[in-house]
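Me: I am new to this structure. Please show me how to read its features, one at a time.

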Amino acid sequence: MKKYDVFVIGSGMAGMTIANKCASRGLRVGITDELPYGGTCALRGCDPKKIILGPTEAKHLADNLYEKQISEVPAIFWQEAMKFKQDFVDAMPSKIEKAYEKNEIDTFHESAKFISETQLQVGKETIEAGKIIIATGAKPRKLDLPGEEYTISSTDFLNFKTLPSSLLFIGGGYIAFEFAHMAARFGSKVTIIHRGKRPLENFDPFIVDQLTEATKKLDIQLILNTNVTAIEEANGAFRVTGKGESGEKIWEAAQVINSAGRPPAIFDLDLKKANIAFGKKGVEVNEYLQSTTNPNVYAAGDAADTDGIPLTLSCRYGSTYCSIQYFKRQH
């Protein structure tokens, strides 16, 4: 059995910050992540997304200046953008792990499960810690509909070697809109199907109105008040059935992306064995992010049920708001 003062589950921004801060205070720290070190922001979300977004912003600005101040709009290429993104992503895990090594933080690459209030099973290793931090982030929501297995995630989108000719996003949240705009500017035909009356429920209505107009100008089809009920293969593509106010309708797309939200990734940790109270929004915590039922455990980032918006969403909110302000300045 290995013993630590602090052990962190998850090596995204929340877990990384906590581990390094604790180590700098002289505490013995360990950290594990079953995925490459870096978390969503660095590897599967914000940062790689911004790299791919860059050329689309340049093209958008050129479109607005065409025949006014410039004579030619540059072409943008998915493969080149993806290569640049991948070079950045591939370098991150080793850099992060070297920083842990420098700070004398023990690193593991296994999933973790609680076996008691102060102990974890990490791969074949039993870990005991004075304090355990849950910083596992979030993951795509299960759709629970026939054909769900045909959907892919935003992570898969960021790994397309070639961009599909058409995409359909299930869910009208921030992930759908960010990725839909990128895909449309790279030339893909895009559809977003959202079950509610308005998309982006957590965002300011005025900003959402601006974004909706920008979405229409990109020829993105936005379908509201419609529940997707089934997905099936059809001649090398996919047929998506949705039911709205006017009845059922079918859409076709080369790829279907699950963008229906991201619940906390905590439900495989055996939290009940550690007397950790939790709900669908995450681990129940007090004002110090400490578990309300197990004082040895803390939760951070998207794994914690707090009053604020999720950590990933708050980052995306700022990014989306800046994108809208940029769009408004150009028009």
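Reply: Start with the rings: a search of the whole structure finds 11 aromatic pairs. Rings of Phe, Tyr and Trp (its six-membered ring) pair if their centres lie within 6.5 Å. Planes under 30 degrees apart are stacked, over 60 edge-to-face, and the rest tilted. This is a predicted model, where local features need pLDDT of at least 70, side-chain atom pairs need 80 or more, and totals for chains, interfaces and linings use all residues. Residues are numbered from 1 along each chain as its sequence is written, and side-chain values use heavy atoms, without hydrogens and water.

Me: What are the distance and plane angle for Y37 and Y100?

Reply: Their centres are 5.6 Å apart, with 80 degrees between the planes, so the pair is edge-to-face. Y37 lies in the loop between β2 (29–32) and α2 (39–44), and Y100 in helix α4 (residues 78–102), so the pair ties together parts 63 residues apart in sequence. Helices (H or I, at least four residues) and strands (E, at least two) are DSSP runs, numbered from the N terminus.

Me: How do I read two packed helices?

Reply: Packed helices are described by the angle between their axes and the distance between the axes. Axes are lines fitted to C-alpha atoms, for helices over the stretch in contact; angles run from 0 to 180 degrees between N-to-C directions. Here, α3 and α4 come within 9 Å and cross at roughly 150 degrees. That makes α3 roughly antiparallel to α4. The cut-offs: under 35 degrees is roughly parallel, over 145 roughly antiparallel, 65 to 115 roughly perpendicular, the rest oblique.

Me: Which residues of α3 and α4 make the contact?

Reply: Contact means heavy atoms within 4.5 Å. D47, P48, I51, I52 and P55 of α3 meet W78, A81, M82, F84, K85, F88 and V89 of α4.

Me: At what angle do α3 and α6 pack?

Reply: Helix α3 (residues 46–65) and helix α6 (residues 174–185) pack at about 50 degrees, with axes 10 Å apart. They are therefore oblique to each other. K49, I52, L53, T56, E57, K59 and H60 of α3 touch E178, F179, M182 and R185 of α6.

Me: And a sheet?

Reply: Strands of a sheet pair through backbone hydrogen bonds, either parallel or antiparallel. Pairing needs at least two DSSP bridges between two strands.

Me: How many bridges join β10 and β11?

Reply: β10 pairs with β11 (residues 237–244) over 7 bridges. I231 has V240 in β11 as its bridge partner.
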